[in-house]
Amino acid sequence: MKRLLAACVIGLSLIGVANAAIDTYVFKTDAERMRYRTLTEELRCPKCQNQNIADSDAPIAMDLRAEIYRMMEEGKDNQQIIDYLVARYGNFVLYNPPVTARTMLLWYGPGGLLICGFIVLAVILIRRRKKAAAPIGLLADEQQRLDALLTQAPLDKKD
Amino acid sequence: MKRLILLVPLAIFLAVAVFLYRGLFLNPSELPSALIDKPFPGFELPAVEGDKTVSLADIKGKPALVNIWATWCISCKVEHPVLNEIAKTGVNIYGVNYKDDNAAAQKWLKEFQNPYQLNISDPKGTLGLDLGVYGAPETFLIDKNGIIRHKFVGVIDESVWRDQLAPLYQALVDEGTP
């Protein structure tokens with residue numbers, strides 16, 4: 001059982017490796033290689049929309065990888081490369097979209113909902129505390145009435 | 001007040017339902033082009049037919065459709081007869097032969113008719129990249145100044161042309177003749 005589990009874990013961990021498209025680009029430094037990797041993993045393939053361009057085998061993703069490599073060789077920085085692609089494919093290619101009027105809800109919606117949740121929770125707690133603070137039992141005049149009724153009761157009893 | 005609070009879940013449900021309902025009719029493979037209302041990118045590329053170089057100046061001057069196509073693109077074959085019909089009505093169509101073999105493209109045009117006024121050969125896909133093309137067929141609608149006004153991704157069939165593109169094209173033509 002343990003062995004089977006281990007095999008599954010190792011197999012699953014290999015999936016990511018097996019999926020990545022294989023290119024043979026030569027980089028001058030390891031830092032450049034890492035930069036290429038983060039860039040291609042951060043950009044979305046326009047054709048096969050749920051993959052980044054690092055993983056995709058679509059022709060357009062290959063072209064974009066080649067283009068990113070070319071721009072890196074030219075000494076362009078990350079922002080220039082991203083701007084170049086956004087100018088052609090729109091913000092759609094970014095897996096990390098900028099905050100604009102259109103993406104406001106995406107960026108701040110969850111935070112807003114969380115705050116709403118806290119407000120509702122606070123209201124409920126305050127109400128509950130108020131209820132708890134209210135005196136338990138009977139008020140003075142109610143107690144008087146009850147006593148009166150209790151003392152009267154035997155008199156009213158009819159046999 | 002108390003009563004109104006009871007309606008909150010209903011309101012949330014309705015809001016979610018509206019979003020989900022809208023989502024049913026959105027096409028996720030249709031991305032808005034980043035190039036709408038921007039000038040058509042400049043290029044210097046050979047023509048598919050004849051030994052000449054074409055540039056942006058050659059496709060400016062009149063409203064036109066710019067159709068990205070290739071012989072390896074199966075849906076382009078479906079679209080081609082429709083383009084032939086559209087061209088017969090006097091519409092300007094320019095072609096961009098995207099990442100294709102020139103000989104194959106010439107053979108294709110001979111076999112299935114040529115609806116294009118001019119065909120730009122883009123074997124490496126450089127113009128395609130500048131246009132944000134991510135698959136063929138794609139069609140751009142440009143005005144007489146070479147500004148991209150609309151982009152259609154996918155096969156143009158008769159109803160797409162009649163209902164979506166023809167009115168837009170006509171509007172551009174009317175724009176030019178005040």
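Where is helix 5 of chain A kinked? The kink, of about 30°, is centred on A:Pro110.

## About the model

This is a predicted model, in which local features need pLDDT of at least 70, side-chain atom pairs count only at pLDDT 80 or more, and totals for chains, interfaces and linings use all residues. Residues are numbered from 1 along each chain as its sequence is written, while chains are lettered from A and ligands numbered from 1 in the order in which they are written.

## Chain A and its helix 5

Chain A has 6 helices and 0 strands (DSSP runs numbered from the N terminus: helices are H or I with at least four residues, strands are E with at least two). Of its 159 residues, 13% count as buried, that is, with 20 or more other C-beta atoms within 10 Å of their own, C-beta atoms being placed from the backbone.

Now back to helix 5 of chain A, residues 104-133. Its 30 residues should span 44 Å at 1.5 Å a residue, and the end C-alpha atoms are 42 Å apart, which agrees; the expected span is 1.5 Å times one less than the number of residues. The bend is the angle between axes fitted to the seven residues ending at a residue and the seven starting there. This helix is hardly covered, with 0 buried residues.

## A strand pair in chain B

Strand 5 of chain B (residues 118-122) has 4 of its 5 residues buried, so the rest of the structure largely encloses it. Strand 4 of chain B (residues 93-98) runs parallel to strand 5 of chain B, and 5 bridges join them; pairing takes at least two DSSP bridges. B:Tyr98 stands opposite B:Asp122.

Technical notes. A residue is buried if 20 or more other C-beta atoms lie within 10 Å of its own, exposed if 12 or fewer, and partly exposed in between; C-beta atoms are placed from the backbone.
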